[in-house]
Amino acid sequence: MNAYDDLPPPPPPPLGAQFPQPPPHPSPVVDESPPSADSAGSETKPSHARRTVAGALVAVVVAGAVAGGILAFRFVRGTADSAVTMVPSDSALYANFNLDPPGSQKMALNDLFNKFPAVNSESQRDTWVNLALDNLGTKAGFTHADVRPWLGPQLAVAAQESAFGRPATPSHAAAFAFLISSTDDGKAQATLDKLRGAAFSGYTWSKQTHDGVQLTVGQGNGTPVVSAIVNHMVVLAGSTDFVNEMIDTAHGKHASLDSTDAYKTALSQLPGDRLALLYVSVPELLKQLGGIGGAFGGTSASTQRELADAYRGIGAALVASSDGIAITAVQDYDSSKLPADLKAVLTVPADQNGALALVPGHAYGFLTLTGLRQDLQYFASAFSSVSPFGGSPTLDELGITGPNGVISHLTGDAGFEVDNVSGSNMPAGAFLFATDTGASAQTFLDNLAATVCQKTSQCSTSQETKQSHSGVTSRRCPLAATHRQAFPHRGQSPAIGESSPRVWTR
Amino acid sequence: MKTIIDSRSNGGIGASPDYVAISSHINSPNNAALYLDIRAIVSAIRKVLPAEAQVLFDTTVAPNLNPVKGLAISGSNSPDHSSSTLFLQIG
């Protein structure tokens, strides 16, 4: 046993010291004879070795902690959207898919994938991705082996309004671009070169330079194909002008989309942790849709100008959670600038829909609305003199529109449900709507039943019978093959329903 | 129709555990909502398939379709924006 073995170990060396000198040592007290060569070696070598090992261990631990911290930070935070910084501010559409989302999204996705046998292992998911890339590349002439070695974490699409309408100039024929982040620009360029020789082999290719970035432009029949690599982002576009604008944006010479208030406002209302993002600039889009002749619902030019002035942006985010996947969307507008009838629809306050209380627990599904009165008024104003049956009766005569029409007595809550009928393969359905008075609804239903019977000759209101269930009286009239019946319940929510073999009408 | 009337007393769709779970992911209150019980719809479709098709369905489609329970969509308006949510329930 060496005397030094009883001494406390030396303190760890400072970080980075290669061979620290041993600290001053107290005199040994056990053996005063001069140490032999062997024992001298055994005194000094372990000390040096220990200090070296300790130093190395500390360095490894610190380096590991730093690397782990960086990895954990990247895992938790994911990769930020680097594509949007090169998308021009006047773009009408931008979509981004993040292949390196925040940690919460990765874990949620993993949970979801594990529930599907087809994708519940890493290798299976890998196979599906390769298959998808191979299918995508069948016509273009590439395989997953050409893409995956350089594929980065961001995929994006951007478009300007002219991409949705008539081209202003041939070179601006298709102002859209696909952006794919690259981890190896050399390999990415090799794939682009391969595409030129395959899918676009009939094109005439030329090189251009814009602000130090080389563009490859292919001209063939139709939309040109323009490619460039900017800030480790592969850009594939249909317009030279648009790519030039993207290069200017990437180089800080043009405002980017993420610097606009409309984009910032839309994004601030969406979840920060997400898998994908979609942004649509409604004013930019309406500009173009107005130019192609009433594509926006056949509205007039003045209404389109009003809409373009009132609407801002639409943002949508794809978000995974442990029990499902969600798309959350938001549409911003200035309600003071909306057309009056549309404002009436959009300012209906949200509420707990009363029709929901009448949807059976085993329903296949339902649709509920809280602003049925405003919605119908919006559409019926243009059709009050029109008959759904052709000629007569009109909506006024049916008791739908007009001063005593059922529309003016609707509270707004309404629903449509489809239900499972025990013992039958055919589902049943019911339309539910709430009124502030039963009289107008009664008139409407009576008129409707009489008109249907008259027009179809399949029933007669004179054969109407009554039934009662839980204090609610219903009426029905037999059809040739079925019966039709509708009835109100005590909460003044009439319902029209259908079931096999009978259809109920009030 | 009778089941509609009875829904007022037995809780209706509001007493369905799957609906309760999915409704926590959509806007409530709202201006519009759509709900589809996908599992029930798929089950109903399976029932009307021929026997051979049912076997094929059970072995190839069902294992990867069973986790999809329902779909809900909601929309709500406020003075300066409208928002909507689509949720596909997987369990």
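Predicted model: local features only at pLDDT ≥ 70, side-chain atom pairs only at ≥ 80, totals over all residues.
Colleague: Why is a space called a cavity, and how many of 30 Å³ or more are found?

Modeller: On a 1 Å grid over the protein atoms alone, a cavity is a set of points where a 1.4 Å probe fits but cannot get out. The search of the whole structure finds two of 30 Å³ or more.

Colleague: Which residues line the largest cavity?

Modeller: Leu192(A), Leu195(A), Arg196(A), Phe200(A), Trp205(A), Val225(A), Ser227(A) and Leu236(A) do; lining residues have an atom within 4 Å of a point. H5(A) gives the largest share, three residues; helices are DSSP runs (H or I, at least four residues) and strands are runs of E (at least two), numbered from the N terminus.

Colleague: What makes a space a pocket?

Modeller: A pocket is an open set with protein on both sides within 12 Å along at least five of seven lines. The largest pocket has about 1600 Å³ of space. Of its 49 lining residues, the closest to its centre are Leu99(A), Val129(A), Leu133(A), Leu151(A) and Leu155(A). H3(A) gives the most to this lining, with nine residues.

Colleague: Why are 37 residues of that lining classed as nonpolar?

Modeller: Ala, Val, Leu, Ile, Met, Phe, Trp, Tyr, Cys and Pro count as nonpolar, Asp, Glu, Lys and Arg as charged, and the others, Gly among them, as polar. The lining therefore divides into 37 nonpolar, six polar and six charged residues.

Colleague: How do you know how many residues are in contact between the chains?

Modeller: Contact means heavy atoms within 4.5 Å, and 60 residues from chain A and 48 residues from chain B take part.

Colleague: How many salt bridges are counted between chain A and chain B?

Modeller: A salt bridge needs a side-chain nitrogen of Lys or Arg within 4 Å of a carboxyl oxygen of Asp or Glu; the count between chain A and chain B is zero.

How values were computed. Residues numbered from 1 in each chain as written. Chains lettered and ligands numbered in written order. Heavy atoms only, no water. Points joined across faces, edges and corners; volume = space filled by probe spheres on them.
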